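Please open the structure in your viewer and keep the selection tool at hand. The tour below goes from stop to stop, saying at each one what to select and what can be found there.

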Amino acid sequence: MDTAHPGSGRVLLVEDNAELAELLTELLSDEGYEVETAADGQRGLHLGLVRQYDVVILDRGLPALDGLDVLARLRGKGVTTPVLVLSALGNPADRVAGLDAGAEDYLPKPFDVDELLARLRALRRRHLDVARVLPVGTMRLNLDTRQVEPGPGAGEPVRLSERECALLATLAGRPSRVFTRRDLLSLAFPEADSEAVVDTYVSYLRRKLGRPVIATVHGRGYQLGAP
Ligand code: CA
């Protein structure tokens with residue numbers, strides 16, 4: 001079902017070659033993708049853990065943390081976003097290592113940009129069949145429908161706004177972590193500038209899902225609660 005403009009997904013591009021990163025960002029933006037970049041493995045891992053993407057393009061050779069380590073850690077934390085690994089090492093053993101680490105696809109450098117775009121489309125299509133779901137206590141947050149599904153027999157699903165969903169997904173993505181309001185501001189509301197927005201959306205979520213859904217950790221911030 002390829003259309004002329006099949007993009008419109010969020011892409012995380014982890015690539016330390018600044019020239020290539022810039023080129024790919026331009027190309028993907030032209031195709032309608034929304035692109036965020038990370039120039040090293042540590043930053044790529046961080047973004048991959050706290051934000052939601054439709055696909056990750058991951059260079060294999062990266063400073064700070066190797067691409068395959070990033071991938072293994074993302075998978076270890078339950079991040080199921082499809083990952084396309086780019087690598088200068090194109091031999092079959094490397095390809096196997098990439099796929100073993102949890103990549104959906106593997107593309108040796110240098111690559112043809114049309115091939116890259118075609119593979120991204122294929123990855124997205126395949127992934128759209130799989131709902132992205134995060135546990136929230138006994139409930140489940142479906143990131144595709146932005147609905148919180150209560151446990152069996154516990155009532156109707158609750159629809160969240162985009163911002164409510166971003167905040168809850170951030171907390172639910174790392175349930176054992178206490179987030180400061182500043183963390184939450186930059187992770188869930190990167191376009192906002194006041195920490196008050198965090199408190200506002202915490203109160204919206206509590207109103208919709210019950211007070212225990214988010215715990216206040218006094219003097220520190222917020223954490224996913226145990227509803
Ligand atoms: Ca590299």
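Begin by selecting Asp59, which is buried, with a relative accessible area of 4% (buried means under 20% relative accessible area, exposed over 50% and partly exposed in between, using a 1.4 Å probe and protein chains only). Before going further, note that this is a predicted model, in which local features need pLDDT of at least 70 and side-chain atom pairs count only at pLDDT 80 or more, while totals for chains, interfaces and linings use all residues. Residues are numbered from 1 along each chain as its sequence is written, and side-chain values use heavy atoms, with hydrogens and water left out.

Gly61 is partly exposed, with a relative accessible area of 46%.

**Stop two: loops with particular backbones**

Select Ala64, in the loop between strand E3 (55-59) and helix H3 (67-76); helices (H or I, at least four residues) and strands (E, at least two) are DSSP runs, numbered from the N terminus. Phi of Ala64 is near 75°, a positive value in a residue other than glycine, and Ala64 is exposed, with a relative accessible area of 63%.

Go on to Arg146, in the loop between strand E7 (139-142) and strand E8 (147-149), where phi is again positive in a residue other than glycine, near 60°. Arg146 counts as partly exposed, at 25% relative accessibility.

Then select Lys109 and Pro110, which are joined by a cis peptide bond with omega of about -5°. Pro110 is found in the loop between strand E5 (105-108) and helix H5 (113-128).

**Stop three: Ala101**

Which residues does Ala101 touch, not counting those up to four places away in sequence? Select Leu68, Leu71, Ala72 and Arg75 to see them, remembering that contact means heavy atoms within 4.5 Å. Ala101 lies in the loop between helix H4 (92-100) and E5, and Ala101 is buried, with a relative accessible area of 18%.

**Stop four: the nonpolar cores**

Select Leu141, Leu167, Leu168 and Phe189, the residues with the most contacts inside the largest nonpolar core, which has 52 residues. A nonpolar core is a set of buried Ala, Val, Leu, Ile, Met, Phe, Trp, Tyr and Cys residues joined through side-chain atoms within 4.5 Å. Apart from this core lies another, of 18 residues, among them Leu13, Ala21, Val55 and Leu86.

**Last stop: helices and strands at a pocket**

Finally, show helix H2 (41-50), strand E6 (133-136) and helix H6 (162-173), each of which supplies at least two residues of the lining of the second largest pocket.
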